[in-house]
Each structure stands twice: as structure tokens, then as C-alpha cells.
Amino acid sequence: MAVKIRLKRMGKIRAPYYRIVVADSHTKRDGRVIEEIGKYHPTEEPSFIEVDSERAQYWLGVGAQPTEQVAAILKLTGDWGIFKGDKNAVSTVKTKESKVDFVADEKKKPVLKPKAEAPAPKVEAPAEAPDDEIAPAVEGLNDADAAKVEAVSDAAEAKADDATEADAEAASADKA
């Protein structure tokens with residue numbers, strides 16, 4: 001059985017990427033593969049090349065023949081030189097530089113203005129809650145929270161009173 005190491009095309013039109021695969025030489029181009037040993041993305045800058053060196057050495061050792069394209073990739077990764085007996089073979093594949101973390105320029109004014117103190121969380125009390133019902137709930141709180149609860153309940157009562165007055169005025173306006 002003759003074995004080839006070749007590229008299997010993946011991706012879309014104008015956006016190809018390839019898998020480096022080991023396949024029987026009698027199978028179709030995109031047919032069944034024995035093993036995937038790497039990836040190749042030519043459209044990235046620099047091209048992304050990843051080869052499992054150990055598996056490539058194994059398959060070359062048992063007689064697999066690489067295609068021209070795969071042989072060129074193996075020369076870049078240094079695997080072809082190692083297979084031929086060159087002890088000093090090294091990878092010459094260029095890799096992407098890692099992205100630099102964004103740091104805002106301290107000298108310039110920020111685009112977003114810092115928010116003022118966050119408003120106190122609103123505590124909703126029933127519209128017609130007498131003080132007798134609020135007092136037990138307020139007793140368990142510290143002084144600052146109790147003051148907030150009482151202020152909110154007073155505001156709710158005032159709002160309810162305003163609403164009833166507005167309803168009364170609207171009803172008298174309808175009668176007239």
C-alpha cells in the first residue's frame with residue numbers, strides 16, 4: 001500500500017485552509033484519510049503552519065511520500081531535515097506576534113465621563129402603608145439604611161397624595 005502525505009482542502013472560496021493528512025495514494029483527493037498530522041492556513045499573515053513533528057517523522061520513516069506542497073511545509077518546519085539526518089534542522093516558520101494589551105493614554109481626556117455616585121437603591125413601599133407597618137421593618141436596619149427607608153416611604157406617601165389630588169381635579173374638570 002502506497003501512502004502519501006498531502007493537503008486536504010477545507011474552507012470557502014477565497015478563504016481556504018488545509019489539513020495535512022496521511023492517506024492511501026489510491027483514494028480520492030478529498031477521500032478517506034488515515035490520520036491528520038497538521039494544519040496550514042495560507043491566507044493569514046504570516047501563514048499559520050502547525051505540524052505534529054512526531055507523527056510526521058513516523059510516517060516519513062515508514063515510507064510515506066509527501067507531495068511537493070507538503071514537502072515545502074515540512075522543510076519550513078524542519079521535519080524534512082530531521083528525516084534526512086540533519087541534526088541542526090530547525091523550524092523557520094514565522095509566528096504571529098502576541099497582541100499588545102490596550103493601554104489608555106493618561107494624558108488625553110477620557111471619552112466617557114466618570115459617573116457620579118451611584119444613586120441609592122430604591123426601596124418600594126406600599127402606597128398606603130401606615131407608619132405602624134414600616135416601624136418593625138426599620139428596627140432591624142442600621143441608622144443610615146433606616147433613614148433611607150423612611151425617606152423613600154415619605155416620598156411614596158407624598159406621591160400617592162399628589163396622585164389622588166390630580167385624580168380629584170381631573171374628575172371635577174370632567175364634570176364641568
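A salt bridge is a side-chain nitrogen of Lys or Arg within 4 Å of a carboxyl oxygen of Asp or Glu. The model is predicted: local features need pLDDT of at least 70, side-chain atom pairs count only at pLDDT 80 or more, and totals use all residues. Residues are numbered from 1 along each chain as its sequence is written, and side-chain values use heavy atoms, without hydrogens or water.

**View 1. Salt bridge between E35 and R55.** The N to O distance is 2.8 Å. E35 sits in strand β3, R55 in helix α1 (residues 53–61), 20 residues apart. Helices (H or I, at least four residues) and strands (E, at least two) are DSSP runs, numbered from the N terminus. R55 is partly exposed, at 26% relative accessible area. Buried means under 20%, exposed over 50%, partly exposed in between (1.4 Å probe, protein chains only).

**View 2. Salt bridge between E36 and R19.** The closest N and O atoms are 3.3 Å apart. E36 belongs to strand β3 (residues 35–41) and R19 to strand β2 (residues 15–24), so the pair ties together parts 17 residues apart in sequence. E36 is partly exposed at 35%. R19 is partly exposed too, at 23%. The structure holds 2 salt bridges.

**View 3. A negative surface patch of D161, D162, E165 and E169.** Patch members have over 30% relative accessible area and no salt bridge; like charges are joined within 9 Å. Asp and Glu count as negative, with the charge placed at CG of Asp or CD of Glu. E169 lies in helix α5 (residues 143–175). E169 is exposed, at 55%.

Notes: Patch = residues over 30% accessible without salt bridge, like charges linked within 9 Å, V, L, I, M, F, W, Y side chains within 5 Å. Areas by Shrake-Rupley, 256 points an atom, 1.4 Å probe, with all protein chains shown as cover.
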